[in-house]
Amino acid sequence: VRSSAASYVFKSQHPMSATPRTSIIMPVYNTASTVIAAIKSVLAQTDPNFELLVMIDGSPDHSAQLIAEYLQQNPDERVRVFDNPKNQGLSAMRNQGLDEARGEWVTFPDSDDYLYPTFLERLHHHAERTGAQVVNCAHNMVATDGSTTQRLKGTPGTLTGQEAAFALLKDELSPYAWDKIIRRELFEGVRYPQIERAEDECALLDCYLRAQSVTVIDEPLYAYAVSASSLTWSRITPLNETRRLLEYFEKSLQRTSTYHLPAGQEALTIARVIAYLNNAQQALIVGGESAPAVLAGCRAGFSFGDTLLALRRRPVFGAAGLLLKVSPALYRRLYGAYIKRVYNL
């Protein structure tokens, strides 16, 4: 990947240290209307000790031209641009960024979102305060009409890496790459897999299993732009990809002592229910010729026993699993109402 990408830096009055505190890795694909705002939000950080790696993923629009023009007019040595001529996908861009990163910490904002000015400053403050190797923050969901809703995935406080891994599998902790800073050393031997769904969660699970501690704070430091194309139900993921995801989870735990713990098996069971629920939601909302077969596979993917366990530990998902088993039509109506209420779409 590295050898095929044209890379460049524009010299400026903002020299970058040999080892910046944070490497900010931003993949770019088809975001010409938002990418400059995203870059500006990085350059406006109150903590200036960073490098920004802009990873252009063979974007078919004029994102690359806009970025080049902006940096010619606003040169900044902290910004490195990697213009890949061929589209390779989000995981490949993040992995290329990790290969090139020089910072002690990494973070992965999307190019259609933006960071609030104190994103780095506040996350590093809490990292120093707690000694955590990963710090998660809250975020604001920005709807298409401009309204915002604050969301926090997790409970404020500090967890062990193992506790964080189990919480992640049970959807009790943010699975996103963009609302946190992560010590780069946790990515040694870890890369984003080529799986069509939840690749963020896969890499994050491996990092948590290596981490000593993980901190969650309730400060909204990131703005996430909500659109139908960016949500999990904008298309139907093939069932085989959901199976690959679950196999990845299981193999990650098998490489540690957590796999044989009751809590580890419980987390994997709940993750299985959630994964097939998400896949079923896509089939129910998107529809089309493949939807009935995907829906049938999802209903068969977990047992009534799995849903009863989930009902005890994660009641919402347990109840949803039971309802999907019994009445997919009713489940679709309830989930459609949820989408409209939460995402205003």
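Visitor: Which residues of α6 are buried?
Guide: This is a predicted model. In it, the buried residues of α6 are Glu199, Asp200, Glu201, Cys202, Ala203, Leu204, Leu205, Asp206, Cys207, Tyr208 and Leu209. The helix is thus mostly covered, with eleven of its twelve residues buried.

Visitor: What do those buried residues pack against?
Guide: They pack against the helices α3 (90-100), α5 (161-169) and α7 (239-254), and also against the strands β7 (134-142), β10 (180-183) and β11 (213-225).

Visitor: How far does α6 reach from its first C-alpha to its last?
Guide: Helix α6, residues 199-210, reaches 17 Å, close to the 16 Å expected at 1.5 Å a residue.

Visitor: Back to Tyr208. What is it in contact with?
Guide: Leaving aside neighbours within four places in sequence, Tyr208 is in contact with several residues, among them Val134, Asn136, Gln162, Leu168, Lys180 and Val214. Tyr208 is also listed with Phe187 and Phe249 as having the most contacts inside the largest nonpolar core, which has 68 residues.

Visitor: Which helix gives the largest share of this core?
Guide: That is helix α8, residues 262-286, with twelve residues. There is also a second, separate core of 36 residues, including Phe50, Leu123, Val135 and Met141.

Visitor: New topic: where is Ala68 found?
Guide: Ala68 lies in helix α2, residues 63-73. Not counting residues up to four places away in sequence, Ala68 touches Tyr8 and Phe10.

Visitor: And what separates the C-alpha atoms of Ala68 and Ala44?
Guide: These atoms are 18 Å apart, and the two residues are 24 residues apart along the chain.

Note on methods: Residues numbered from 1 in each chain as written. Predicted model: local features only at pLDDT ≥ 70, side-chain atom pairs only at ≥ 80, totals over all residues. Heavy atoms only, no water. Core = buried A, V, L, I, M, F, W, Y, C linked by side-chain atoms within 4.5 Å. Buried < 20%, exposed > 50% of the residue type's maximum accessible area, 1.4 Å probe, protein only. Helix = DSSP H or I, 4+ residues; strand = E, 2+ residues; numbered from the N terminus. Contact = heavy atoms within 4.5 Å. Expected span 1.5 Å × (residues − 1).
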